[in-house]
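Hi there,

Here's the structure I promised to pass on. Have a look at it first, and then read on for what turned up.

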Amino acid sequence: MMSPQITPIADTAQDLELSERILAPDGSRVPNPRLDPFVADVDDAQLRSLLRDMIILRRIDAEGVALQRQGQLGLWAPCQGQEATQIGTARALSPQDFVFPSYRETGVIYSRGAQPADYVRMWRGEEGASYDPAVLGMAPLQIIIGAQTLHAVGYALGIQHDGTDEVAVTYFGDGATSQGDVNEAMIFASSYQAPVVFVCQNNHWAISEPVTVQSQYPIAGRAPGFGIPSVRVDGNDVLACMAAMRWALDHARSGKGPAYIEAVTYRMGPHTTADDPTRYRDEAELASWRRRDPITRLEAHLRAAGELSDDDVAETQAAADAVAKEMRAACLGMVTRPALAVFDGVYAEPHAGLDRQRAEYAAYLATFESGV
């Protein structure tokens, strides 16, 4: 797989055109000698399944935003517009592969078999991680920008030690590529030929900082400087994303070391529900990316092939609504532990210092009840 051409980026439209693709924005198939072999087995039934996944993911995401706006979640990190990147790459994974996500990988959580409560537990601030990492094969969501890349490389070194054919996969945004952690992770991965795949979801905005300011050249072009082969794909093309991940996994699993994917996509919503993107983003830019929507792209492709009907779409939407309903019920049904329970299980034996802290915290909580 050839690394991307190192050409300066002038604007977001050019940014997308410089990326590898299989499906054009209008849904037509584009011959791609490098990517096509990796998805030669994907038939129309599988494409319908990918479309179903993306529609369900968008509904889960919308429900997460609604729950936060209604005061049921403390925060939510929307992934609208990034469905193809997350579903396409995650559906290429094997069950034994282990994922190290950032905080926006709702679609990867879904693809790994999440239960309704798994999407909201962490964002609600309940006890424990958002899911059981051992069950999903996925580390807890990482809020510290880029830290998960180091965890992934460490895990990959463990895979080498064990001599298995697993691959560690880590997801991060374009903003994280400026963090030292990501660059250090790439150094270690390359030096030790660790079986790890780096997936950069370039959604064009690191909160309010545009990628055109942060990086004047394609981000995937950095990886070869570390000795890591890379590919830059249209992140709104689910087939291209799947093909890129299959290439990367084959590369890492065969003992050739790390691989790097830059998926060029777009964050349609806010950075999180605490953000107001209208303060820094041009509405015309958003409108141009709406015309590249990953869901309508695949739907157009299937309809043109006569492989998708209105009834199919309606049935999928009903299934998506059912998942969202279960997610809401799981969220509203959660029982929050008493505030003082934060001290439980800290030490195996009684501890005077902890008793003092518990008493002080109890006195503080009492001020809310008394109105002091």
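Which residue just after α10 takes a positive phi? That would be G255, with a phi of about 85 degrees. Before you go further, keep in mind that this is a predicted model.

Let's stay with α10 for a moment. This helix covers residues 238-253, so to speak, 16 residues in total. From the first C-alpha to the last, α10 reaches 22 Å, close to the 22 Å expected at 1.5 Å a residue. At its N-terminal end you'll find a cap: D237 puts a side-chain oxygen 3.1 Å from the backbone nitrogen of L239. Is the helix mostly buried or exposed? Of its 16 residues, 14 are buried, so α10 is largely enclosed by the rest of the structure. (Buried here means under 20% relative accessible area.)

Now for the sheet. It is open and has five strands in the order β1-β2-β3-β7-β6, with parallel pairing. β1 (98-100) and β6 (230-234) are the edge strands, each pairing on one side only. From one strand to the next, the twist averages 20 degrees.

Zoom in on β6 and you'll see that it pairs with β7 (residues 259-264) in the parallel sense, over five bridges. V233 stands opposite A263 in β7. α10 packs on this sheet too, touching β2, β3, β6 and β7, and its direction makes about 165 degrees with that of β6.

One more helix to find: α7 (residues 147-162) lies across β1, β2 (168-173) and β3 (196-202), running at about 170 degrees to β2.

Technical notes
Residues are numbered from 1 along each chain as its sequence is written. This is a predicted model: local features need pLDDT of at least 70, side-chain atom pairs count only at pLDDT 80 or more; totals for chains, interfaces and linings use all residues. Side-chain values use heavy atoms; hydrogens and water are left out. Helices (H or I, at least four residues) and strands (E, at least two) are DSSP runs, numbered from the N terminus. The expected span of a helix is 1.5 Å times one less than its number of residues. Buried means under 20% relative accessible area, exposed over 50%, partly exposed in between (1.4 Å probe, protein chains only). A polar contact is a pair of N or O atoms within 3.5 Å; within protein, one must be able to donate a hydrogen and the other to accept it, and residues adjacent in sequence count only if both atoms are side-chain atoms. Two strands pair if DSSP finds at least two bridges between them. Axes are lines fitted to C-alpha atoms, for helices over the stretch in contact, and angles run from 0 to 180 degrees between N-to-C directions. Contact means heavy atoms within 4.5 Å.
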